[in-house]
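Q: I am new to this structure and would like to talk it through. Could we look at it together?

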Amino acid sequence: MTKKVTRYVVQTKDGKWANKKANSKRASSVSDTQAEARSKAIEQAKKHGNTEVKVQGRDGKIRESNTYTRKKDPKKIKG
């Protein structure tokens with residue numbers, strides 16, 4: 001099992017919204033709206049698996065926190 005990763009959706013100094021991995025200096029993506037940044041963070045979390053997405057409000061408090069796991073492929077194909 002992979003180690004749990006945390007992603008944050010935070011507001012930047014210029015008013016945009018960033019999707020960042022915990023302890024990272026650069027954002028994975030920057031969006032104009034919080035909803036757009038949130039959906040990008042969730043998409044990346046589902047791809048990676050075992051990832052928690054925390055959304056911060058403008059005041060810096062966590063307003064939403066969810067963990068996403070990767071779905072296993074239901075078909076097993078020999079090949």
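Predicted model: local features only at pLDDT ≥ 70, side-chain atom pairs only at ≥ 80, totals over all residues.

Q: Where does Glu52 sit?
A: Glu52 has its place in strand E4.

Q: And what does the side chain of Glu52 make a polar contact with?
A: The partner is the side chain of Ser65, at 2.7 Å.

Q: Which residues is Glu52 in contact with, leaving aside its neighbours within four places in sequence?
A: Glu52 is in contact with Lys4, Val5, Thr6 and Arg7, and also with Ser65, Asn66 and Thr67.

Q: Arg7 is on that list. What does Arg7 stand opposite in E4?
A: Arg7 stands opposite Val53. The strands E1, residues 5-11, and E4, residues 51-56, pair in the parallel sense, over five bridges.

Q: Let us step back to the sheet. In what order do the strands come?
A: The order is E3-E2-E1-E4-E5, in an open sheet of five strands with mixed pairing.

Q: Which strands stand at the edges?
A: Strand E3 (29-31) and strand E5 (62-68) do. Each has a single partner strand, so one side of each is left without a neighbour in the sheet. From one strand to the next, the twist averages 20 degrees.

Q: What holds strands of a sheet together in general?
A: Strands pair through backbone hydrogen bonds, in either a parallel or an antiparallel way.

Q: Now the helix. Which strands does helix H1 lie across?
A: Helix H1, residues 34-48, lies across E1, E2 (17-21), E3, E4 and E5. The helix runs at about 170 degrees to E4.

Q: What pattern does the chain follow along the sequence?
A: The pattern is β-β-β-α-β-β, and the chain has one helix and five strands.

Q: How much of the whole chain counts as buried?
A: The figure is 30% of the 79 residues. The chain exposes about 6200 Å², with carbon and sulfur atoms supplying 47% of it.

Q: One last point: what share of contacts joins residues at least 24 apart?
A: Among contacts between residues at least 6 apart in sequence, the share is 32%.

Note on methods: Residues numbered from 1 in each chain as written. Heavy atoms only, no water. Pairing = 2+ DSSP bridges. Helix = DSSP H or I, 4+ residues; strand = E, 2+ residues; numbered from the N terminus. Axes fitted to C-alpha atoms, helices over the stretch in contact; angles between N-to-C directions. Contact = heavy atoms within 4.5 Å. Buried < 20%, exposed > 50% of the residue type's maximum accessible area, 1.4 Å probe, protein only. Areas by Shrake-Rupley, 256 points an atom, 1.4 Å probe, with all protein chains shown as cover. Polar contact = N/O pair within 3.5 Å; in protein donor to acceptor, adjacent residues only side chain to side chain.
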